[in-house]
Amino acid sequence: MIYSPFWVQAYRLPFLSKTQSLAKALGNLIGEFIEVFQDSCFEGWVPFLRFRVRMDITKPLLRGKMISLPNLKDEFWVEFRYERLPDYCMECGRIGHVFNKCLIHLENMDNKIESELAYRPSLKGAPLPTSSYDRYRSDFSKGNSWPLLTRLARSTLTATIP
């Protein structure tokens, strides 16, 4: 098995830049772009852009990349995180083994070289938010709890209408 699909989260994007075309470009940097999670394109939903990529798992994981956008002059660092990431090496960044069984790490230890461990546990993506809006909406009629604006409108209308 060489290729595997992963959901990837791209962090540190400029405000109002989360688009499907950016997701496609970032996905093609990591591997082969498959799809974008449309809800993540909306600002305020989550702090990241989420897309699915078919990756070559024999290559090291990409931690991030300096990119530039056409409307911005400066380059900026985009950080990648991977959802449901299996065991991976924090030394070489490859999936399938942990760093204390990595040949590079063991060789460094034999040569009395302190490993830097360039890859961190932060490569694992955050869980998706669960919306409490649907729960609130389903309990809306049962609990007789009106939102603040609706309550204000009801009290104002009943006071003005005889």
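A residue is called buried when its relative accessible area is under 20%, exposed when it is over 50%, and partly exposed in between, using a 1.4 Å probe and protein chains only. By that rule K112 is exposed, with a relative accessible area of 77%. The model is predicted: local features need pLDDT of at least 70, side-chain atom pairs count only at pLDDT 80 or more, and totals for chains, interfaces and linings use all residues. Residues are numbered from 1 along each chain as its sequence is written, and side-chain values use heavy atoms, with hydrogens and water left out.

**Overall build**

- The chain holds four helices and five strands. Helices (H or I, at least four residues) and strands (E, at least two) are DSSP runs, numbered from the N terminus.
- Read from the N terminus, the order of elements is β-α-β-β-β-β-α-α-α.
- The chain has 162 residues, and 33% of them are buried.
- Its accessible surface is about 11200 Å², and carbon and sulfur atoms account for 56% of that. Accessible areas come from the Shrake-Rupley method with a 1.4 Å probe; for residues, only the protein chains shown count as cover.
- Take the contacts between residues at least 6 apart in sequence: 61% of them join residues at least 24 apart. Contact means heavy atoms within 4.5 Å.

- Helix α1 covers residues 20-30, and L22, A23, L26, G27 and I30 are buried in it.
- Viewed down the axis of α1, the buried residues fall within an arc of 135 degrees, so they line one face of the helix. The arc is that of the directions from the helix axis to the C-beta atoms.
- What do the buried residues of α1 pack against? They meet β1 (3-11), β2 (32-36), β3 (49-56), β4 (64-68) and β5 (75-82).
- G27 is part of helix α1. G27 counts as buried because its relative accessibility is 0%.
- Leaving out residues up to four places away in sequence, G27 touches E32, F33, F51 and V53. G27 and F51 are 24 residues apart along the chain, and their C-alpha atoms are separated by 7.0 Å.
- The largest nonpolar core has 28 residues, of which L26, L49, F51, L61, F80 and Y82 touch the most other members. β1, α1, β2, β3 and β5 each give two or more residues to this core.
- A nonpolar core is a set of buried Ala, Val, Leu, Ile, Met, Phe, Trp, Tyr and Cys residues joined through side-chain atoms within 4.5 Å. In soluble globular proteins, nonpolar side chains tend to be buried together.
- Beyond its neighbours within four places in sequence, L61 is in contact with M55, Y82, L85, Y88, G93, I95, Y119 and L123.

**Residues 89-102 and the cysteines**

- An unreviewed UniProt entry lists residues 89-102 as "domain: CCHC-type". UniProt positions are given in the numbering used here, feature names are shortened, and annotations may be inferred rather than shown by experiment.
- How many disulfides does a search of the whole structure find? The count is zero. A disulfide is a pair of cysteine sulfur atoms within 2.5 Å.
- C89 is in no disulfide; its nearest cysteine sulfur belongs to C102, 3.6 Å away. C89 counts as buried because its relative accessibility is 0%.
- C92 is in no disulfide either; its nearest cysteine sulfur is that of C89, 3.6 Å away. At 10% relative accessibility, C92 also counts as buried.

**Loop residues**

- K59 sits in the loop between β3 and β4. K59 is exposed because its relative accessibility is 51%.
- Apart from residues up to four places away in sequence, K59 touches G93 and R94.
- K112 is in the loop between α2 (103-110) and α3 (133-143). L117 lies in the loop between α2 and α3.
- K112 has a positive phi of about 60 degrees, though it is not a glycine. Phi of L117 is also positive, near 50 degrees, in a residue other than glycine.
- Most residues other than glycine have a negative phi.
- Is L117 buried or exposed? L117 is buried, with a relative accessible area of 19%.
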